[in-house]
Amino acid sequence: MKKAMRSMLACVVALILVGTMFVGCSKPSATTETQTPEATKEASKETADGGETAAPTGEMTEVGTPRNETLIVECQSPTDTPGQFNSYMQGTTMGFGIHQLMSAMMWEIDTVKGEQFGEVADGMPVSNADFTEHTIKIRQGIKWSDGEALTADDVVFTFNMIMTNTGINQNAYYNQIFQSVEKVDDYTVKIVTKESFPRLAQRFGVTIWGNDLRIVPEHIYSKQADVTQFKDTEPVVAGPYTVKAYDELGKWILYERREDWQASTVGVVTGKQPQAKYVWFRNLGDDTSRQMSLINNEVDILCEVTPEMLEVMTAQNPNIACWYKDFPYATSDDPCSKGIAFSMGKGAPFDNKDFRWGVALAMNFDEISQNIFDGVGRSSPFPILTNTSAAQELYVKPILPWLEAFELDLGDGTTVKPFDSGYAERIAQVLRDKGYDISTDHETLIDMFGAGCWKYDPAAAEKLFIKAGLEKKADGWYFNGQPFTFNMSYLADTEAQAGRGTQAAYDQLTKFGFKINLVSESSATWSTNDVTGQYDIGGYWPTGFITKDIYSQINGWDGDLIVPVGERGSGQGTRWNNAKATDIIHQLAVLSPDDPKSYDLGLEFFKNAIEELPFIGFHSGVKFVPTNSTYWNNYPSADNPYNGPWWWWSCFKYITTEISPVK
Amino acid sequence: MKFRKYFGLRFLTYLLTVWIGITFIFFIPRMFPSDPVENMIGQMQSRSGQMDPAQMDALRSQLRVQFGLEGSLIEQYFTFLWKGLLHFDFGPSLMSYPTPVGEIIGMYLPYTLFLSLTTTVIAWVIGNIIGLLAGFRKNKLSSKILEGVAICIYPVPYFIIALVLQIVFAFVLGWFPIQTTINTQGNFAVWFASLLKASILPALSMLLVGTGWWIISMKSLAGTTSEEDFVLFARYRGISEGKIGKNYVFRNSILTQVTALAMSLGGVFGGSIMTEIVFGYPGVGSLVQKAILMSDYNMILGCITISIVAISTATLIVDLIYPFIDPRIRYN
């Protein structure tokens with residue numbers, strides 16, 4: 001018995017060991033894991049010794065494609081609807097390469113210039129005087145991947161499909177806007193809107209990330225009994241790639257370049273060939289796995305990481321880089337600044353501009369900046385508009401004289417000029433002292449660190465709080481005779497920049513003397529609390545900037561849209577009720593984006609927002625989006641900024657023409 | 001007659017347990033200060049910037065109707081009882097609308113069962129054999145070593161073991177994929193080989209910890225049993241150690257382990273969330289986590305209902321077969 005049991009145990013252990021070794025030792029060259037960090041370091045050493053290192057050849061990816069023909073791109077989350085490529089069916093995960101590689105947009109965005117251009121449309125729409133009739137030319141030469149030509153019929157069909165199917169998300173909205181969409185000829189469409197609609201291309205074309213109008217092939221979709229239940233498992237597309245295979249569990253999709261890529265949207269618009277034969281979008285799981293995968297060259301492009309993650313990765317694999325090769329690494333042109341928002345619908349003191357200005361002056365931005373990403377990032381203290389490089393040129397620099405002269409009344413007969421233009425020089429010196437090689441050119445510093453920030457002036461802040469009705473006693477601040485405490489909330493799961501910013505602001509305001517509860521929220525409650533205004537001060541980001549015309553960025557701040565706290569409205573959750581801002585928004589609504597008056601009104605809105613300060617920004621969107629140049633290079637970067645590093649935007653298809661294989 | 005009464009009472013308790021559990025799971029998520037419609041709109045906005053106010057209003061009311069969130073809680077509850085509990089139709093997933101919850105769970109559940117059932121059963125068998133040996137011969141050096149190893153492994157959280165395995169075998173040695181990738185291109189053999197390869201490390205992490213627990217518990221049970229009077233008496237009668245181990249110690253100790261196994265098997269339907277996260281292994285655990293974050297009421301209900309029913313059913317089955325394997329219960 002004793003022997004039998006021992007034998008059995010030995011057999012089980014042996015089986016496990018053999019099984020493990022058998023799988024573990026199976027042909028490592030068959031997959032991408034073979035290029036370990038050691039191998040990469042070795043390769044890098046060879047590079048240093050002389051010339052460019054050739055990409056490893058003969059390796060295959062885990063999905064059976066040659067590694068050196070496959071561009072591997074991370075997708076932030078897996079999809080629960082694998083095999084579903086119909087963008088009008090609920091649940092389709094467009095960011096899984098679908099809108100980046102296959103979708104046909106009416107207008108796309110040049111993210112560097114901040115200008116739209118026609119993709120399916122041949123140029124911008126031509127409208128009548130009151131912007132109710134719009135004529136759109138369709139680009140000739142685009143073909144669907146099954147060889148059918150893309151014509152006005154497809155565009156008209158797509159609009160009408162949305163307007164006649166209540167199961168499509170955009171249905172109600174399109175019916176509010178459009179009177180009719182008709183074909184004039186094979187390559188011309190006429191759209192009639194129910195009311196004046198001067199921003200057709202901005203609303204129905206891409207400005208940020210993508211757009212929910214994606215043209216579908218009439219000859220496929222018109223045959224479906226219910227397009228909202230049609231998965232479109234084998235999609236016929238106008239983009240340069242089609243689906244070759246996908247994971248039934250939703251973790252990856254493999255795309256293959258169309259043989260007739262010249263007839264795709266990208267081919268017709270640019271005449272350039274997307275260089276990778278295959279693009280493999282895959283989800284890589286948690287942060288540790290993402291880091292290990294990039295270091296091991298199992299992925300070429302990652303979505304956002306933290307600076308700490310980047311540091312670990314660049315230390316282990318010299319082929320990993322970000323927007324800048326060296327400090328500050330990240331791009332500061334993500335059009336969404338992070339900072340703190342006030343729930344003004346809750347009433348005093350949050351709805352009092354003196355209170356908000358007091359908060360701004362009570363915080364030391366130099367310290368906040370260090371706490372967020374060690375000083376990386378362009379300061380963007382302004383409310384609502386993000387200080388991207390384009391915004392800095394178009395909106396910030398033109399109002400700099402006004403900004404420097406702008407004064408706050410402190411309520412005791414004194415004033416303070418809150419703008420501090422010395423931030424860029426100061427932070428540059430701090431970073432130089434830390435050993436970073438930072439330019440001394442003033443303009444370069446302004447581009448890198450921004451035109452300025454709000455002054456750190458605790459004495460002025462104290463006066464402003466008192467003006468706002470707060471009272472300072474020996475044991476802290478009081479409001480309406482009660483000890484004054486409030487909550488500061490931030491999103492715990494993602495958005496490191498926003499979360500760290502709120503935590504840093506909490507430290508500053510606590511140091512100033514406020515009693516604050518720091519609340520970490522999960523994404524389960526974050527959006528709901530935003531829209532219902534259920535917070536005091538929160539790390540929300542109701543900001544943006546992409547095009548010169550700011551109407552689509554600011555129309556949510558219309559005071560007429562505000563609903564009481566606790567209810568769900570369509571306006572901004574902060575509930576900033578400002579008559580002047582509302583009036584400007586109403587004026588802009590009926591003006592063409594190209595009308596010079598639109599820009600003037602935009603500047604006026606910007607100044608009014610600064611005076612009222614409904615949001616305190618810290619930095620513009622700082623994105624650490626690393627790439628690995630072991631197999632592919634010529635990614636967009638600060639040295640070669642042909643596009644922004646926005647892999648998750650629909651404009652990625654244009655980036656694929658530039659990313660080249662390492663020879 | 002006695003058994004029928006026992007069975008009837010036990011079955012009634014089973015139905016009551018399931019009903020109470022599911023009722024809680026129906027109401028609790030709806031008390032969260034979150035809203036699936038707002039989460040979806042928030043997600044759309046965070047991707048594409050500001051949404052046109054008119055579009056947001058239109059979308060909000062459209063989604064509320066589509067998601068079936070109109071009507072009072074009680075109305076929704078009775079609809080759920082009829083559809084969900086009696087027909088196992090949990091409706092569409094709100095985060096992947098209109099894909100039915102059942103379809104999504106059906107996609108992930110086989111992987112959860114493949115990994116968790118296999119590792120639970122293997123760990124149970126290995127752990128009980130080693131535990132029996134260690135407990136029955138507790139004074140031997142080999143028993144002490146085995147017990148020591150189990151005590152060292154068991155308290156380590158299995159995600160730590162998972163991380164260590166991932167770093168050593170996937171990152172440094174490159175023998176296994178860092179993240180689970182199952183190759184769906186090609187024939188069954190290609191698919192199964194990639195599944196096996198991707199499952200080794202997750203399985204190993206669960207197996208190591210699981211085995212440690214079974215060793216410790218069985219060792220303790222066997223140690224106690226081997227000091228019982230009837231074992232001593234058997235020894236005095238001159239019965240061989242092998243027979244005592246098999247017929248006296250093993251058979252008496254294994255009863256508790258059978259109950260624990262049934263509970264564990266029922267529990268595998270809940271998935272192993274940390275293993276799934278570390279290795280990116282597809283499974284029900286991460287599905288529940290995502291559903292909670294997205295306030296997908298239907299998905300939460302679907303996954304947890306299956307878990308409640310599985311655990312309750314496993315317990316019921318054990319209770320019903322217990323009289324057959326333990327004569328003491330049968331006679332009482």
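**Exercise 1. Strands 8, 9 and 10 of chain A**

Task: In this predicted model, find how strand 8 (residues 241-246) of chain A pairs with strand 9 of chain A, and through how many bridges. Then follow strand 9 of chain A to strand 10 of chain A.

Solution: 
1. Strand 8 and strand 9 of chain A run antiparallel and are joined by five bridges.
2. Take one pair: Thr242(A) has Glu256(A) as its bridge partner in strand 9 of chain A.
3. Look at the hairpin between these strands. Five residues separate strand 8 from strand 9 of chain A, and Gly250(A) there has a positive phi near 80°.
4. Move on to strand 10 (residues 278-282) of chain A. Strand 9 of chain A pairs with strand 10 in the antiparallel sense, again over five bridges.
5. Return to Glu256(A). In strand 10 of chain A its bridge partner is Tyr278(A).
6. Check the cover. Strand 9 (residues 252-257) of chain A has five of its six residues buried, so the strand is mostly covered.

**Exercise 2. A four-stranded sheet in chain A**

Task: Give the strand order of the four-stranded open sheet of chain A. Which strands stand at its edges?

Solution: 
1. The order is 4-5-7-6, and the pairing is antiparallel.
2. The edges are strand 4 (126-127) and strand 6 (178-185) of chain A. Each has a single partner strand, so one side of each has no neighbour in the sheet.
3. Follow strand 6 of chain A to its antiparallel partner, strand 7 (residues 188-193) of chain A; six bridges join the two.
4. Two residues form the hairpin link between strand 6 and strand 7 of chain A.
5. Locate two bridge pairs. Asp185(A) is partnered by Thr188(A), and Val181(A) by Ile191(A).
6. Helix 4 (residues 152-164) of chain A lies across strand 6 and strand 7 of chain A, at about 165° to strand 6.

**Exercise 3. A five-stranded sheet in chain A**

Task: What is the order of the five-stranded open sheet of chain A? Which residue stands opposite Lys338(A)?

Solution: 
1. The order is 21-20-22-12-23, with mixed pairing.
2. Strand 21 (515-521) and strand 23 (615-623) of chain A are the edge strands. Each has one side without a neighbour in the sheet, because each has a single partner strand.
3. Strand 12 (residues 331-342) of chain A runs antiparallel to strand 23 of chain A, with six bridges between them.
4. Opposite Lys338(A) stands His619(A), in strand 23 of chain A.

**Exercise 4. The largest nonpolar core**

Task: How many residues does the largest nonpolar core have? Which element gives the largest share of it?

Solution: 
1. The core has 258 residues. Val120(A), Val279(A), Leu464(A) and Cys303(B) have the most contacts inside it.
2. Helix 5 of chain B gives the largest share of this core, 15 residues.

**Exercise 5. Helices of chain B**

Solution: 
1. Chain B has 14 helices and zero strands.
2. Of its 332 residues, 45% are buried.
3. The axes of helix 5 and helix 8 of chain B lie 6 Å apart, at an angle of about 35°. Their crossing is right-handed.
4. The contact of these two helices comprises 20 nonpolar residues, 13 polar and one charged.
5. Turn to helix 12 of chain B. Its buried residues include Val284(B), Leu287(B), Val288(B) and Ala291(B). The buried residues of helix 12 pack against helix 5, helix 11 and helix 13 (297-325) of chain B.
6. Just after helix 12 of chain B, Ser295(B) has a positive phi of about 55°.

**Exercise 6. Where the chains meet**

Task: How many residues of chain B are in contact with chain A? Which helix of chain B gives the most?

Solution: 
1. Contacts link 60 residues of chain B with 62 residues of chain A.
2. Helices of chain B that each supply at least two residues to this side include helix 2 (36-48), helix 5 (101-136) and helix 8 (188-225).
3. Helix 3 of chain B gives the most, with nine residues.
4. Sort this side of chain B by residue type: 30 nonpolar, 22 polar and eight charged.

Terms used:
Residues numbered from 1 in each chain as written. Chains lettered and ligands numbered in written order. Predicted model: local features only at pLDDT ≥ 70, side-chain atom pairs only at ≥ 80, totals over all residues. Contact = placed C-beta atoms within 7 Å. Nonpolar A, V, L, I, M, F, W, Y, C, P; charged D, E, K, R; others polar. Buried ≥ 20, exposed ≤ 12 C-beta atoms within 10 Å, placed from the backbone. Axes fitted to C-alpha atoms, helices over the stretch in contact; angles between N-to-C directions. Left-handed = near helix turned anticlockwise from the far one by under 90°. Pairing = 2+ DSSP bridges. Core = buried A, V, L, I, M, F, W, Y, C linked by C-beta atoms within 7 Å.
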